[in-house]
Amino acid sequence: MVEVSEIHAPELKDRRADALGDLRHLPDEIILATLANLGARDVSRLACVSSVMYILCNEEPLWMSLCLNNAKGHLEYKGSWKKTALHQEHLPNGYVEPHGKRLHFDGFNSLFLYRRLYRCHTTLDGFTVDNGKVDRRKDLSLEEFFHEYDGKKPVLLTGLTDTWPARSTWTTEQLLLNYGDTTFKISQRSSQKIKMKFKDYVSYMKVQHDEDPLYIFDDKFGEAAPGLLKDYSVPHLFQEDFFDVLDRDQRPPFRWLIIGPERSGASWHVDPALTSAWNTLLCGRKRWALYPPGRVPAGVVVHVNEEDGDVNIQTPSSLQWWLDFYPHLDEEDKPIECTQLPGETIFVPSGWWHCILNLETTIAVTQNFVNSKNFEFVCLDMAPGYHHKGVCRAGLLALDKDNFKNGKIDAVCDKDGLNYPDLTRKEKRIRTYRPGKDPDNQNARNDACENYDLWNQEFCYDIDFLSMFLDRKKDHYNSLWSSTNCIGQREMREWLCKLWVGKPEMRELIWKVTQRRPYLRAKSSSLGGACHALNAGKWLECISEIGAFHGLPSPTDDERLPVDTGSNPVYLISDSVVKLYVEGGLEASVHSLGAELEFYSLLCKVNSPLKDRIPDVLGSGFLYLDNGSYTIVPWDGKGVPDVIAKCNWISANCVENGFSFGVWSKKYFEYKKAGALTYESISLAGCTGIWPYIITKRCKGKIFAQLRDTLLSEDVLNLASFLGQQLHNLHILPHPSVNNLIHLPFDDGFMDAISDKISIPAEWKIFIRTLARKREDVLNRLTKWGDPIPSSLMEKVDEYLPNDFTKLLNIFQDENGQDKVNKHCCWIHSDIMDDNIHLEPCRISTCSTPHAIDSCLTDNGSTDGCNGRTEKVSWRPCHILDFSDLSIGDPIWDLVPIHLDVFRGDSSLLKRCLESYKLPLVRRTSQTGLELDSKFGRLSYHAMCYCILHEDNVLGAIFSLWEELKEAKSWEEVEETVWGELNNYDGFC
């Protein structure tokens, strides 16, 4: 017998500690997350540092992140993410495709890398599942759908697509043949907007091994490939869509082409604005998981921002959730599941959580919609505040669950609203049970069960229940608007108005009566969609009181909603227009009305021709609530009414005679506001329950926003000339004495804005100081606004803006050595936009009767054509509206909204406007200190600075109008494209 000695393989030494040095204390997950924030070149260099760093720096998912973070515009996959990323760096081929084999090292293992590698290469052949909890129905009638499923539960539908051409033409091969060179949007977890040609995407799908593959998710596919829209039609069950009253460019994204390979999909989410959705699969198989409203899936964190109600969801990828979280769930915690097959349509009701995993290459189309069942939820989601947004998505987990141990929700309600001690932070985080290393951890299981019990026993996805969580102190016109809302504030108001006028049968839904939320004195009031989103019941009550005091007729049914898309509620009552001032809070509102009344008084005094272009003022004053009753105090702008004198923000410097809250007082308020930390820090100060108002004469005709797309080209040119003439009339008006301003306190750290060596007229001092204050926080504001403002330009904004704003004034010394400003300080409207210009019909060629034009005006001042004919009507501008943003400063400031909003950046219209303006924007003298070859010698530079410092997101409009400027290398490039025409203006000289 031969004795064989036992042979032991030499034990491998763990190379991690020596190879990583002090970084060895960090988990691999943290190291890789840090590397993902570096550039491709830096990661390539780090790969040479050590063996372990070489391994980490060559991981494909890392290079995928690096590539997508740096991708701009079109993406072309080069076979691996490292090659693709290095190709973006424009390196020589020898660097992109190095010779030799990849190095291999023993003595290192990483569970994190292994799990990620497994997810990248796993196959999903056996992932098909159906727990029978989603009904499969065929030939479902509209009535059956409405009563059994709409707003209640998901359903899989067959037979809806039998006649679609897409059933045979939407295959990878056919789409590649017909749309290979068409570019589609790609959905991925990246801040960059990425597009790929379909042929490049198909090539990528064939070779990729990504954990979370690229996914075509394109809401503009109808514009990119119009033929695709002819291949399908909206099923009869889903044709009611209240967003269809909006123009295509106004309505939010609502339809998507969805194409993705195995392992791709959509992670856990609730559809935007609590809309409902249908999704039809044409090719492949999808696995769906769904939870009812308020039931947050395991591993998901919901972030709700207290300031603006922003909702952001942190969730693992679809594949990661099914592999890492799903296996640890108890049966009662598992979602409703089904596998969708080709030709099937799944309906997802409002508020339902859902997650989708593609089991193979899939092609689908989906649309979101608003109908009678979810309309109120959609409006509720756009209401100001954040409590209700959290509860709609996370149920009572969004609240302090200790308050609900006994199942008594009403215990935390009081007459002033809901009080949640744990919701006082800037951001509320709702986290669910996340399985740890020990899936049998009893505490975690107990927490999950308790959360489930809380949801199951108390939560109700009912509009009356959810309305209890509205913040009654928040107001639509006065609150920050969430960037995650599906449409903007103006668009939302216009949407409700169009529904009110265009769909009278909906008015009961919009304006239904409930007993839940009393407004002011009313024991019961409306809590339909308009009231959720606009506080419409409250404003109608205010308007009715004002109208009764001034002898106006009661609002008709057609007049119950505010009509203006601006920043304050405006109502058309018979032949009058009633506006309540609410924007910015009471102090801002009082100053807006005060400056406006001072301006109107001046117009009458000097008999300016501008007076004929502004609607007559019929009344003004304050409405306030006192012990449950309304009181009206008329006010002509002079003095300080008692109701205002009691407010805590009244300054000791406020004069009691004359226009106490006139334009100079307003300028000082704007100066203070420019230095506030947040928008609401000033707007919420002072008294509540007081509303300034003004009544003006109603103009016949339409605003430019309603006519923009139908005006004759000649009418548009006439409008540009009209605006130039009215700016001329406005800018030559004398402004009030500035004497009172010199007594206002400015010693707050911003004195450096004006050099001690230069003597600046008082009227310019506050203008310059306000600009300096805005400059201090400009980067934070641009960052908050974000897309579409390029981050590369944000980094250069400090270098572009002047450190000394007095250089914008073209200051020189006269023969006596006195400093003189070569700019005219004047009244500025500040807000001449498409909804503040009124036009009237002036010619209808086919109508011969003297009253032809009047007969073409409907009761609400619009035109319906002449006797049903479709001939074009010629329109002439007649009035400038809304002087509530009046100020005094540089006349160039008025050109910003006109050029960007009214003219949409059309330089020929700007030129036409300036030809009628006929005033110098900068005066020239032989002693001028302005150097023509410097940036201060360019009027375009002045205008661009004002765009950057504007309190509204003017830059967002610029980069939306000129999309090519998103690739601009400098602010000078943006300046020349947008404002270059200004430098050709003869009035400069």
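1. How many residues does helix α19 have, and how far does α19 reach from its first C-alpha to its last? Helix α19 (residues 489-502) has 14 residues and reaches 20 Å, close to the 20 Å expected at 1.5 Å a residue. The expected span is 1.5 Å times one less than the number of residues in the helix. Helices (H or I, at least four residues) and strands (E, at least two) are DSSP runs, numbered from the N terminus. In α19 the buried residues are M492, R493, W495, L496, C497, L499 and W500. Buried stands for under 20% relative accessible area, exposed for over 50%, and partly exposed for what falls in between (1.4 Å probe, protein chains only). An α-helix has 3.6 residues a turn, so residues three or four places apart point the same way.

2. On the basis of the values: this is a predicted model, in which local features need pLDDT of at least 70 and side-chain atom pairs count only at pLDDT 80 or more, while totals for chains, interfaces and linings use all residues. Residues are numbered from 1 along each chain as its sequence is written, and side-chain values use heavy atoms, with hydrogens and water left out.

3. On the sheet: ten strands form an open sheet with mixed pairing, in the order β1-β5-β4-β6-β7-β16-β9-β14-β3-β2. The edges are held by β1 (73-74) and β2, each with a single partner strand, so one side of each has no neighbour in the sheet. Two strands count as paired if DSSP finds at least two bridges between them. Strand β4 (residues 183-187) pairs with strand β5 (residues 194-197) in the antiparallel sense over four bridges. F184 has M196 in β5 as its bridge partner.

4. On salt bridges: the count comes to 38, where a salt bridge is a side-chain nitrogen of Lys or Arg within 4 Å of a carboxyl oxygen of Asp or Glu. One of them joins E344 and R136, with the closest N and O atoms 2.9 Å apart. E344 lies in the loop between β13 (336-340) and β14 (345-348) and R136 in strand β2 (residues 135-138), so the pair ties together parts that are 208 residues apart in sequence. E344 counts as buried at 7% relative accessibility, whereas R136 is partly exposed at 36%.

5. A salt bridge also joins E337 and R287, the closest N and O atoms being 2.6 Å apart. Because E337 lies in strand β13 and R287 in strand β10 (residues 286-291), the pair ties together parts that are 50 residues apart in sequence. Both E337 and R287 are buried.

6. On R775: its side chain meets that of D798 in a salt bridge (2.7 Å, N to O). The pair links distant parts of the chain, with R775 in helix α29 (residues 762-776) and D798 in helix α32 (residues 797-800), 23 residues apart. R775 is buried, with a relative accessible area of 12%, while D798 is partly exposed at 48%. A polar contact of 3.2 Å joins the side chains of R775 and N803; the term covers a pair of N or O atoms within 3.5 Å, and within protein one must be able to donate a hydrogen and the other to accept it, with residues adjacent in sequence counting only if both atoms are side-chain atoms.

7. On cysteines: the count comes to zero disulfides, a disulfide being a pair of cysteine sulfur atoms within 2.5 Å. The sulfur of C945 is 9.2 Å from the closest cysteine sulfur, in C947, which is too far for a bond. C945 is buried at 0% relative accessibility, and C67 is buried at 0%.
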